[in-house]
Amino acid sequence: MARLNLERRKFVIPDRYILLIVTGFCILLMLLTCYTDAISMPLSMVASYTVVPFEKGLNTVGRKFEERLSELASLKMVMSENDELKEEIAKLKMENNQLAEDRYELNELRTLYQLDDRFKSYETIGARVIGKDPGNWFSVFTIDKGSDDGVTVDMNVISGSGLVGIVTEVGDNWAAVRSCIDDDSNISGMVLSTSDTVMVNGDLKLMENDEISFSQLTDIDDKVGAGDEIVTSNISNKYLPGITIGYITSVETDANNLTKSGTLTPTVDFRHINTVLVIKNLKKSKGSVSSN
């Protein structure tokens, strides 16, 4: 019993000690709080002058970088759209050029159809131009029809509103054509209104003014003038009669006072020839004094 009482007495802490311990703990907490505030305030001030500006700078740089990335992305998108638009424009230009070419060819074919109807008493065959001599004019050129298609030398070639020229050479699937504006071309023509004959001479220099020359006109009654139509004559030994060559632009009396000469404008556009008609009927020569 004495030992048990001794043990109980040994573990009992007086109330005043407990109060003292609690009070001391509270004082310690207060000191720690004051000490922490005293340290944290200078640290906060230092941070406000160093860390915070640095952080703001990083944020600003980050925003600028993000803006640049966004601008680069937008620029890349715009460039891509621009390339697509360029491709689309190029495609539209090609389509537009093709449509223009098709429209021009359609107009040519319509004109050839009308011309074919005008000379329906003749057998004709259509041909495309596949080559020409250097220069602006279709003075000598090649077509894509030849002997395999029944084309022969001296066949007349027409296009637009009248005479183009004559076939001078033939291959299996091609033929060479010399036009009436070529320097070597001489055609026996006729003034349609008076039936007076003339000699139409090709002249590439005069063609710079869209004209060629004519000569040996006998016009005693002075009836021939500007605007009169000249066609191929009946006395030509190579050209079929009645094919329009052009219209007179000027007439002058020659030095001998017996004949006249001048210029005419061809009816065919000799700068642009894409398609022609070849008349397969040959002129039956009767020993005419005219070489053509």
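The model is predicted, with local features requiring pLDDT of at least 70 and side-chain atom pairs counted only at pLDDT 80 or more, while totals for chains, interfaces and linings use all residues. Residues are numbered from 1 along each chain as its sequence is written, and side-chain values use heavy atoms, leaving out hydrogens and water.

Select the strands S6-S7-S8-S11-S10-S9, which form a closed barrel of 6 strands with antiparallel pairing (strands are DSSP runs of E, at least two residues, and helices are runs of H or I, at least four, numbered from the N terminus; two strands pair if DSSP finds at least two bridges between them). Next, pick S6 (residues 186–191) and S7 (residues 197–201), antiparallel strands joined by 5 bridges, and find Met190 opposite Thr197 in S7.

Turn now to the salt bridges, which number 5 (a side-chain nitrogen of Lys or Arg within 4 Å of a carboxyl oxygen of Asp or Glu). Select Glu123 and Lys280, whose side chains meet at 3.7 Å, N to O; Glu123 lies in the loop between helix H3 (51–118) and strand S1 (124–132), and Lys280 in the segment after strand S12 (275–279), 157 residues apart. Glu123 is partly exposed at 47% relative accessible area, as is Lys280 at 22% (buried means under 20%, exposed over 50%, partly exposed in between, with a 1.4 Å probe and protein chains only).
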